[in-house]
Amino acid sequence: MRVWTSEQSHYLDELIRLEGRGKADHSCHACGDSDASYCCEDCFSVDLFCRLCMIKFHQNVPLHQVKQWQDRYFHTTTLKHLGLHIQLGDYTGQSCRNPKPAREDDFVVIDVHGIHEVVLDFCSCTTLCGRFFPSTSTDPRTAATFAVLEHFHLLLFESKVSAYKFYHCLARRSDNTGIKPIKDCYSWRNLTSLKRSGHGHDPAGVDAMQQGQLAVLCPACPQLGKNVPEDLAHVSSNERWLYSLFLAIDTNFCLKCRLVSNDIKDPGLSPGWGYFVEEGQYKTYLHDHADVRQEKSMCVSHNAINMANIKLSKGLAATSVGSVVCAQHNMRLASGVGDLQRGEKYMNMDYIVFSTLSAFASTPIVNFSYDIACQWHKKLWQRVTTLPSQLQPNRAHTAFNFFVPKFHITACQTNFSFNWTPGVERGWADINRVAASTKEMGPGSRREVLDDHFGDWNWKKVTTFGRVLLCKIKEAIKAKTEHHHALTELEESIKQSDLGVASLTNWTNEVLAWELDHSNPNPFESRVTATTQAAVRLELLMQDAQDLEDRSSVSLHSDVTPSILISTGLDIEHTHLGQHATNEQQTKILARSNSLQRRIEAWTKIQVLYMPSVSQLRATNATPSTDFQLLFPSDICSYAPCDPKLLHIEWSLRFAQANDALDECRSHIRLHHQLLRFKSQHLHGQCANTRARKTVQAVDDRLVLSHDKYLRARSALVCPSRHVDHVGPIGDLGGQTLGTAIMPWIWLTHGISSHDSEGLQDTLRVEWCKARARHNRWQEEIQLLLVEMQRVLAFLAWEARQWDKRATLRMVERSEYAEGLIAYANRQAAIRRGLSASFLGMWRDVGALKMLKLLDLDIGQASAVKVTNVLALGWKMDG
């Protein structure tokens with residue numbers, strides 16, 4: 001910065017110098033004419049030229065901005081004003097015998113440098129010969145250069161800038177004073193999509209287009225006939241999961257569309273050719289089934305389904321967009337996007353999902369990930385029968401599995417979890433930035449723009465497969481090793497007794513039976529009912545009543561038994577806990593401080609009867625009521641005598657309190673998640689967002705309160721567990737997910753014996769099942785990643801061969817057209833081979849990992865072994 005400061009004045013002087021003519025000699029730099037008053041802003045040279053030399057030097061660059069020295073400063077002028085004519089169709093500098101000037105000599109060209117008014121003469125060809133893309137095919141008066149269209153196309157993908165803002169930026173580049181009015185002015189993206197998909201090389205032309213053929217395909221997913229064989233009948237049952245298709249279904253409520261036009265006025269140029277379903281057939285199906293009533297969802301927080309018919313849709317042609325993506329690689333799928341008119345209705349999603357699946361008719365296994373899969377799948381096959389026949393899948397050849405993401409109630413997570421099912425393993429953030437600009441578009445234009453963005457998203461994914469798959473397999477190798485060690489240690493601990501060996505054999509049989517047939521008992525579900533505070537209190541009261549009836553009661557107070565004493569103490573403690581939650585609650589507690597003090601005094605008088613040692617402990621530490629220590633048995637059992645019966649009672653109540661607190665935490669977390677999702681998707685404006693933040697804050701406050709309640713209960717369980725015959729609390733996942741968490745150490749210190757409680761054995765079984773599933777899933781992940789690496793290279797090789805064939809597929813009369821077809825096909829084939837070579841370079845060490853036994857795999861599948869062999873040999877796939 002000090003160096004820049006010292007040079008600051010010099011830089012400023014140079015900027016000011018360039019405002020003038022710069023040299024003492026003001027003659028033409030080319031011919032020496034003294035009448036040199038013109039300078040080009042876009043040329044490298046800053047020299048002055050005369051009018052004729054300026055025109056001569058700009059025959060090949062007619063879209064530069066020039067200025068004229070007049071009245072002792074430079075004025076903005078144009079090459080049109082100097083007399084430059086642009087002649088299309090002939091060689092530069094040669095005149096045409098029969099030129100056809102643009103109407104009224106008024107033609108505007110939009111370029112990267114700005115917006116230019118030019119004099120343009122047509123010949124027998126179109127403006128495309130000069131790399132000008134016309135605004136209309138009949139008598140155009142405006143065109144954009146290929147360069148500015150390509151520049152805007154990339155800028156649109158990266159920054160999501162609208163065409164309006166980009167055009168006005170170019171206008172300000174031409175004139176930033178506002179003195180000249182901006183001339184507000186097509187389809188480039190449609191032609192580039194057709195060109196990149198190879199349909200410019202198709203002899204049948206655009207008329208032969210089929211649905212979904214403009215989509216960029218996922219090279220790692222099983223594409224029959226491209227990267228896997230067309231016939232999978234030879235694949236054994238143990239290998240079928242390697243050819244599974246993983247689909248994620250989701251809805252975006254930000255991508256709304258106002259009712260500003262219709263499909264007749266704005267039909268779009270690629271109906272169903274890309275990622276959106278064909279609109280005509282889709283709306284016909286919805287109209288024919290408009291009277292079908294949708295059943296209510298019984299799962300937690302499924303507002304998208306339960307409120308589907310009452311979503312605010314006034315003035316909207318679409319309230320949201322439903323989508324199907326490749327769950328493994330987050331790529332958009334052909335015919336996998338559709339508008340939703342009123343919420344997330346089943347019939348909309350059914351049509352979109354099975355439109356996508358129509359391109360994967362022979363895939364052996366399809367895995368659906370959907371946040372409402374637990375409800376959506378119930379009557380799915382009954383609804384599928386109403387779909388058009390070409391969309392109905394062949395269930396005899398394809399197995400369908402249904403899964404839910406993490407945010408669901410425990411029952412759904414257990415029955416529909418990716419983590420526990422063998423052979424299994426979404427991105428709106430990028431597209432949400434164009435939601436505001438596409439909301440006001442007509443339906444056809446909006447679909448074209450979104451299709452274009454989806455295609456760019458997919459292509460960027462394709463170019464990063466080398467790095468992404470390499471990172472994934474490194475992570476999978478590390479995780480598999482860790483989980484293998486954890487599972488081995490656990491099984492060694494269990495096998496320390498004969499009962500443990502027998503139990504492990506039974507558990508293994510149960511898991512294998514469930515994996516083959518989910519109608520069998522689920523080994524991941526606990527078979528011991530969770531204990532609640534209400535149930536424990538009821539059980540203790542019933543025990544007190546039984547003791548009174550048997551005359552075995554040892555109560556030291558006529559009205560307060562030991563169980564009532566501890567229960568009341570927990571209630572007082574919860575009142576204490578509440579005073580630290582919010583200011584409002586603290587004010588209420590302070591107002592009731594006298595009542596609280598009287599309750600504490602009454603409780604402590606009875607407490608002394610059962611726990612005499614607390615009076616001496618409390619006498620040495622006098623505290624106000626707000627900080628009063630209740631001194632439960634768990635607080636003093638380590639250094640003062642305490643009745644074991646009181647310890648048992650407190651342990652039972654604390655254990656139930658911890659369970660209740662965890663349930664409250666889960667409920668609050670789910671509610672917090674749903675509120676944030678609703679806020680981001682549906683609420684706009686300061687007023688609505690302020691109210692929403694207050695609601696979210698209230699839920700957060702309750703979550704903090706429940707969390708503190710759990711921490712107190714857990715802390716109180718630690719000390720009594722050393723004095724009573726119970727196991728202490730189990731550790732949490734330490735911030736890890738279900739798929740990455742390592743087994744808590746506590747299970748490795750305790751095998752199985754006949755003295756263990758039913759609850760402990762049940763919990764140990766569930767933990768072993770989860771540990772085994774985590775290990776197996778990571779092992780399968782490695783196998784699948786190796787297969788995906790092979791598929792990516794095979795797909796790129798297939799695409800390269802397709803482009804080689806396209807080079808001479810279409811026969812044309814004019815040699816320049818034939819050369820263009822061959823050149824473009826060769827360039828596209830070279831790109832695919834370049835990507836393949838780049839990926840091979842990144843993956844060169846994967847085969848070495850296998851040879852060094854770092855993978856430590858017993859794959860057993862011929863295809864997976866073949867992959868590692870190919871990796872080790874260098875992967876010569878282009879044959």
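I looked up E440 to begin with, and E440 is partly exposed, at a relative accessible area of 46%. The model I am reading is a predicted one. The side chain of E440 forms a salt bridge with that of R258, 2.9 Å from N to O. I checked R258 too and found it partly exposed, with 33% relative accessibility.

Next I turned to D263 and R447, whose side chains meet in a salt bridge at 3.0 Å, N to O. D263 has a relative accessible area of 24% and is partly exposed.

I then looked at R383 and D350, a salt bridge with an N to O distance of 2.6 Å. This pair links distant parts of the chain, since R383 sits in helix 11 (residues 380-384) and D350 in helix 9 (residues 346-357), 33 residues apart. Both R383 and D350 are buried. I also noted a network in which salt bridges with shared partners join D263, E279, K283 and R447. My count of salt bridges came to 13.

Last entry: helix packing. I took helix 4 (residues 146-159) against helix 6 (residues 188-196) and read an angle of about 85 degrees, with the axes 11 Å apart. Helix 4 is therefore roughly perpendicular to helix 6. On the helix 4 side, F146, L149, E150, H153 and L156 make the contact, and on the helix 6 side W188, R189, T192 and R196 do. I sorted the residues of this contact into 4 nonpolar, 2 polar and 3 charged.

Key: Residues are numbered from 1 along each chain as its sequence is written. This is a predicted model: local features need pLDDT of at least 70, side-chain atom pairs count only at pLDDT 80 or more; totals for chains, interfaces and linings use all residues. Side-chain values use heavy atoms; hydrogens and water are left out. Axes are lines fitted to C-alpha atoms, for helices over the stretch in contact, and angles run from 0 to 180 degrees between N-to-C directions. Helices (H or I, at least four residues) and strands (E, at least two) are DSSP runs, numbered from the N terminus. Angles under 35 degrees count as roughly parallel, over 145 as roughly antiparallel, 65 to 115 as roughly perpendicular and the rest as oblique. Contact means heavy atoms within 4.5 Å. Ala, Val, Leu, Ile, Met, Phe, Trp, Tyr, Cys and Pro count as nonpolar, Asp, Glu, Lys and Arg as charged, and the others, Gly among them, as polar. A salt bridge is a side-chain nitrogen of Lys or Arg within 4 Å of a carboxyl oxygen of Asp or Glu. Buried means under 20% relative accessible area, exposed over 50%, partly exposed in between (1.4 Å probe, protein chains only).
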